[in-house]
Structure formats: C-alpha cells, structure tokens
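Here's a quick briefing to read alongside the model.

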Amino acid sequence: MENTAAPAAAVLPPRPRSRPPRRYRRPAPWLGLVAIGYAVVQLAMVIPHTGHALGWDESVYVSQVDPRTPPAYFSAPRSRGVSLLVAPLVSATDSIPALRIVLMLLSAGALYGAFRVWTRLLPAPQVALAALLFSGLWITQISGPAVMPNLWVALGAVAAVGWFLRVPDEPNARWWLAAVLAGVTLVRTPDGGWLTLPLLIGAIGVRPWRPAVLPLLCGPLLGAAQWIGEAYDRFGGIGGRLNVSSDVEGGMGLHFSVGAALRSLNGPQLCRPCEVPLRHPELAVWWLALPVLTLLAVHTALRDRQELRRVRVGLGRPALRLPAVPLTLLPIVCAAALAVPYLLLIGYSAPRFLMPSYALLALPIAGLVFRAVRAARSPQHLAVALGVIITLHLASQFVILHHTAKQSDATTGRYRTAAQGLQRLGLRAPCLVTGDRALPVAYHAGCSSAQTSGNNRSTTLPSLLRRAAREPTALLLRRGQARPPAYARTWVAYPLPGTEWNAYLPPDQARESEARKSRQQTSGNGPSMGAMTMTYPTTSWAGFAAAEPALADYAQNRFGRYRHHVLATLREDGSPRVTPLEVNFLSGELWLGMMPESRKALDLRRDPRFSVQANPGTDEDPAGGDLRVSGRAVEVTDPGTVARFAEEFRPPEPFHLFRAELTEVVHTALEDGRLVLRTWHPGQPVRALRPRGDDPQPRADS
C-alpha cells in the first residue's frame, strides 16, 4: 500500500521568522558637544591671552574676596554675586590661570544647564543650535573665563524663561524659577528686575502661569537682599543708591544709544565715550541681521497661530507640528526688556551689556532656521546652505575674538608691568595707588587704591595726603598727556618701563627710593649727558624748587639774565642738535616755546630728551659759572594752557609749547680758585664734586 501521507513540513504552515528587536538609538548629544566646544575655544583662544592678569572690573570684583589684597572701591551700580561666585577659589589660591580654568568649566556647564531647560519645550537639535549661536559670539567666548556678571545674567535669563514656560505642567518648575531669578538678581540686581518685570506681567495676566507669581516675587527679593542692605548701609537707602548709580553711569535718562551699540560690535569692550567708528562692518553681518531675523520669527509665529486657529475650525490641516506662540514671543519680550536700560537709558555702550538679549533671541532664531528647513521643497540643500552661513558666521566671530583677546592681553599686561614697576620703586603693603588706572594696577601690586574725583571717587584730598604721609604712595599719570595735580607738583616722576604711565612719588619717599638704589649699586658715575635718559626719575620745576629752593632760585635768576640760551636735542640719527632758545617760567613750570614745525620741535616730538645750557655771558662777566638743566620735554596742546602762556609772554603765533620735566640740574663754578661742580637729581640731595689738586677724580660732598 502506497504511503500518501505528506511530510509534516509540507502540511504545517511555515513559522514566521522572528525579527530582531529594534535597537534604541540615543539621540546625538548635540547640546553637550556645543558646551564642550565652548570650553575648548576658551582654553585655546582666550585663556592664553588673559591668564596672566585681571582687567579693571575683574580686579574690583576679585579684590572684594581676596584675603591677600585690600578691597577696591565698590561703586553703586555693581552687585556682589560674581565676587561670591569666585570667593572659594580666590580664598584658596592667588593663581589667575587657575581662576580662568575654573570659570571656563563653570561657564561651559552653565551653558549646558541653562539651555537644557528648554529641551522639554523644543526639539533638542533646535536648542543645541540656539546654544551654538550664542556661545559662538566673540563676546560670549571672551566672557567665559572672565570675572564679569553679564554672561551669568544671560545664562540665568535663558534658564528663567524656560522654567517659567514649564510652570503650568511641572509643579517644581516654579521653585527652580525662583532659585534662578535669585541668582540673576544677586549677580546683577538691576538686570534681575528688568528680567522679572515681563514674566510677572505674564503670570498675572495668563491663568496657567499664575502659580509663578509668588516665585517671581520671592526669588528676586531674596537675590536683592544684600544689595538692598548695602544701599541702606552706604547710600542712605534704595533711592540714594539709585541716584548715585545714575551719577556714575553719566546720568540715567533718555539716551538713544543704538548707534553706540553698533559702533562697539567688533570692539572695544567698553565704548565710553563711544566715538570710534564701526571697524570691519563685514564682520558684523550677524549683529545687523539680528533685528531682521527677530521680526521674521515674530511674523512666522503669529502666522502659525492663525493657521492653528483655522485647523481648529476645520478649514485646513497642519503640515507639521508647530510650537506654541509663547515659546517664540516670550524670549523676545524678555530680551527687549533686558536691552531697554542699555539702549535707551545710558549714554555709552559695551558689547557685554546686551549678552542676555543675544542669548534669549538665539532660541526663536534657531526655531526659525529649523522651520525654514522643514518647510523647504529641498530640505537637504537648504540645510547645507544654512550650515555654510552659520560656519562663516562662527569664523567671523573667531577673527574678532583673536583680535580682541590680543588687545586684552596688551592692556592687562600693562597693568601687571606697572605693578611690578611700583614694587621696584619700593611700594609694599600697606601702600596706596591713585590716578589713572589705579584700581587694576593697585590690585596687582597688592596695594589699596583711592580716587579723589571721577566715577570711582572714594576719598577726599586731605585724607589722601594724610595716607601719603604715613604709607608708600604713588600717583599714576599718563606720560606726556597729563599735568600733575596741584598737590603733586613737587612729587618726583618715575617712568614705568613697558607702560604709558609715570609714577609720581612724594619727595621723602623718592629720596628713600634713590637711597635704596644707591646702596644696591656697587659703583657710581659722575654726571654726564646720560642724565637725558628716559629711565631717570623726573619732577617739575616746582618739585625742584621745593627740594632745593636756594639752587632753584639761583637757576631761575641765571636764566633770567639773558633772553637766549642753548638747547640740545637729538636728531633722527641720534646725533646732537644745538639751537638757540628762550626759556620761560610760569605757574611753577619751566616752559620751552618754539616756532611751528621747527627742527628742534620735531626732534622733541620724536625723542623728548633735552638739555638747556644757560647763556654763560661774556668772558669779562661769567655770571657765576655755567648752569645746565636736563630732562624730558612734554608737548602741551591744552587750549587753556596755551592761551595763558600766549597772554603772558606774547610769542609769535602759532607756536609749539613744551613743559620741562627735570632729570638733572648741574651748576659749575669757581670757588676760591677751585672748580666746584654741583649736581641735583630728583629724589636726591645736591652733591658737590671738588677735585683734589692734581687728582683728576673729584671728591663728592653730599
């Protein structure tokens, strides 16, 4: 019998093949990569230029918590949050590179944390693009390792607006909102108020956001508590502090500073007064396009809102999921509020002032970019084109960053160099520095700083002079551009090599400095034309008269006997030039007037070293011997000073006018048939050199 049974495999249906489980693909950590790139740029391009010294404002903030230096004057507009941020590290070490590196890590982490708040509201790639647009700005990059408040306000604003939008869906969001606003207000109290204002209006007017009202009131109040307490302690109340702040800012009022903001886009970092032109406008395309892109984002959001309304009434079908309108409009409104004081209420500008606005505007602009790509007929081609544009934008920011970082390097390097020069002159703590750029120079020298005028006025002139009488003191003045104030006319000026400043020391202190240098020298040389060197200390004629009144009276009478004397200057090739000259005395100064574009005037403009030999008279009347004054000639162009000189002496106009800063006075005469050579240098007593018979080496008497 034939077996007709079919095999089981032919009867049973085939088993379906089991598919391997779908692997979960984690999204790329774009935001983390942006934060890492932000830190790398700081480490490679910023810290090498700023790791050796602190800037002006940085030295003020750090000195408040540095146990090794006296605190600098803390003006009314400042807040102490940044000082508290760096206090733990500054208390442990005085290493500026360590401070920069820690701030680099903190700023990169804060960038990640602030924009991470938005990943519950917007697609993660869109949030990462917003973080890239903000962190790629040169001012954001150079601010990362800086001890300045504006970056922290910017990142706090991003986080605060994000938490505010999450309040309706997340109960804990309101407490995070309160904490972030407290931090922003602690770092910069006025900015905290401007940020809170639109959020509070929105919370009161929109029911789902009303749970945020209490955090919006408590958070800023907690952050401002220290500022308010200090206002009552130092300024007599909040109103008093605001009035003083207004004076420091140049008078808070209606100032249309948009033009100043535009001129400072590519540097300088502080534009006050803002009279510089916009350098390299081709590198400012992003900044100029920012308002246009913002308006386009608003227009798109409102149009999308209308489309959603049409869908709700059955008139259409959406092609894609669109974000809610508040996600676009609220960051823009808060950005505008934070920009108001810096664009409309003060008369100067700095790129860092608008960093909070830039950070908030980056979010809707990133959304605009993603929406354009999704709506395009060829999304890939448009994405590539936009990627190229963003890359060019980042490259332009790196160019500006490189230039600005080098400028910061030069500026802060001069602060450090000037501080080292003061230390070589004998300034050791406790010590005092006043004058031009006194705050940062004093910090690096380990000294106190004080000003008798200006925005940082912290003392009176009598108090300053009392301190100068009991502790080492230096007055900093820009070389060749400023005349010492009346109280310092008799002080001795020492050029600080490698800087543009002279350090003026009181006469007693200068004598101690010169005595110390004399003890350190193993040998000395007699007076020579070397006294014309720029490294010698200088003083005014009034300083010479105060130190040696008898010799000064004789010298002034000696110059007054004749009208013309002999001036020695240096030609361009270094050879001497000798020409006749009139010498005048006015207001405790020795003045040299010259015809316009004369050779000697051009010599002094190029190299200010000079010597003036008093007219010796006739052989029959030697007029008491020879007199020579050496020093440095500083050209004076102040119209008031020139007018007073012209009214007193009636020289042919126009004319060049130079003020003499003395480095040496030499008087040679015969006494009892023997040659006596008397010399005087600032900070030293008169020395008399007398030859001993046939001995060619003179004997010095102090």
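**Briefing: confidence, a covered strand and some salt bridges**

Tyr 494 stands opposite Ala 503 in β5. This is a predicted model, where local features need pLDDT of at least 70, side-chain atom pairs count only at pLDDT 80 or more, and totals for chains, interfaces and linings use all residues. Residues are numbered from 1 along each chain as its sequence is written, and side-chain values use heavy atoms, with hydrogens and water left out.

- Strand β3 (residues 473-478) runs antiparallel to β5 and is joined to β5 by 4 bridges; pairing takes at least two DSSP bridges between two strands.
- Arg 478 has Trp 501 as its bridge partner in β5.
- Strand β4 (residues 492-495) is also antiparallel to β5, again with 4 bridges.
- The β4 and β5 hairpin has 5 residues between the strands, and Gly 498 there takes a positive phi near 85 degrees.

**Salt bridges**

- The structure holds 24 salt bridges, each a side-chain nitrogen of Lys or Arg within 4 Å of a carboxyl oxygen of Asp or Glu.
- Arg 577 and Asp 603 meet in one of them, at 2.6 Å from N to O.
- Arg 577 is in strand β8 (residues 576-586) and Asp 603 in helix α24 (residues 599-606), so this pair ties together parts 26 residues apart in sequence.
- Arg 577 counts as buried at 14% relative accessibility, and Asp 603 does too at 2%.
- One network, made by salt bridges that share partners, joins Arg 414, Asp 436, Arg 437, Arg 478 and Glu 500.

**Confidence**

- Mean pLDDT for the protein chain is 86, and 88% of its residues reach 70 or more; pLDDT is the predictor's confidence in each residue, from 0 to 100.
- Residues 1-12 stay under 50, with 1 contact beyond four places in sequence; a contact means heavy atoms within 4.5 Å.

Key: Helix = DSSP H or I, 4+ residues; strand = E, 2+ residues; numbered from the N terminus. Buried < 20%, exposed > 50% of the residue type's maximum accessible area, 1.4 Å probe, protein only.
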